[in-house]
Amino acid sequence: MTIRVLIADDQQLVRTGFQMILDAQPDMEVVAAVSDGAEAVSEARRLRPDVCLLDIRMPKLDGLEVTRVLAGPGVENPMRVVIVTTFDLDEYVYGALRSGATGFLLKDSGPTLLIEAVRAAAAGDALVSPSITVRLLQHLAQPRRRAAPPSNDPLTDRELDVVRLVARGRTNQEVAGELFVSLSTVKTHLGSIQAKLGVRNRVEIAAWAWESGVVS
């Protein structure tokens, strides 16, 4: 199955470079490459790509607003969004993740990470890189550190184990290996965790873990 991708970036060189990398993959096709956020929303709604690859800073609508429109809370049939940023400590990225993005990467991360991020998003997963995502979440959580919110249905000890590993950037397969459980068991735990925390993906699980002090 071909992964259909929309690219939105105000720099033509970036758009061209990303498109060349993704179109070279046998399982990917760039269906649109646009230069501003308003056009990104319009084309995404028209084409319904599998993954939207968005820059943070764009004319008309920035990546944060585009993410809210396409994937934010309350959006019917939300799209899968991967945010691209120049800065690894950019608070707009945190906001984008909270607005529904499934992952992010740096513009200079290289072709391999770009391809992995798109494939992860298309599969309904998120790219949580220990070298980038965890450092960002940890940095942003420090000033607003607080106790975990009360819950009528608290996480079990095993679910907390899963949360800690996800927050440290482990994939589902790695979580299964470290906890000596099956991949299907990990997916079951993740579904339960998302329901209890009221979050939609593993990136939001990681954000919750750093904010609440579950990971330090």
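Hi everyone. Let's start in the largest nonpolar core, which has 25 residues, and where Leu6, Cys52, Leu54 and Ile83 touch the most other members. By nonpolar core I mean a set of buried Ala, Val, Leu, Ile, Met, Phe, Trp, Tyr and Cys residues joined through side-chain atoms within 4.5 Å. Buried means under 20% relative accessible area, exposed over 50%, and partly exposed in between, with a 1.4 Å probe and protein chains only.

At least two residues of this core come from each of β1 (3-8), β2 (28-34), α2 (37-47), β3 (51-55), α3 (63-71), β4 (81-85) and α4 (91-98). Those labels are DSSP runs numbered from the N terminus: helices are H or I with at least four residues, strands are E with at least two.

Before I go on, this is a predicted model: local features need pLDDT of at least 70 and side-chain atom pairs count only at pLDDT 80 or more, while totals for chains, interfaces and linings use all residues. Residues are numbered from 1 along each chain as its sequence is written, and side-chain values use heavy atoms, leaving out hydrogens and water.

Now, what does Leu54 touch? Not counting residues up to four places away in sequence, its partners include Leu6, Ala40, Val66 and Ile83; contact means heavy atoms within 4.5 Å. There is also a second, separate core of 21 residues, and Leu165, Leu190, Ala206 and Val215 are among them.

Next, Asp55, which is found in strand β3. The unreviewed UniProt entry annotates Asp55 as "modified residue: 4-aspartylphosphate"; such annotations may be inferred rather than shown by experiment. Is Asp55 buried or exposed? Asp55 is buried, with a relative accessible area of 4%. Leaving aside neighbours within four places in sequence, Asp55 is in contact with Ala8, Asp9, Asp10, Gly63, Val84 and Lys107.

On to strand pairing, where two strands pair if DSSP finds at least two bridges between them. β1 and β2 run parallel, joined by 6 bridges, and Leu6 stands opposite Ala32 in β2. β4 and β5 also run parallel, with 4 bridges, and Thr85 has Leu106 in β5 as its bridge partner.

Last stop, helix α8 (residues 172-179), whose buried residues are Asn172, Val175, Ala176 and Leu179. Seen down the axis of α8, these fall within an arc of 100°, so they line one face of the helix; the arc is taken from the directions from the helix axis to the C-beta atoms. Their cover includes α7 (157-167), α9 (183-197) and α10 (202-212).
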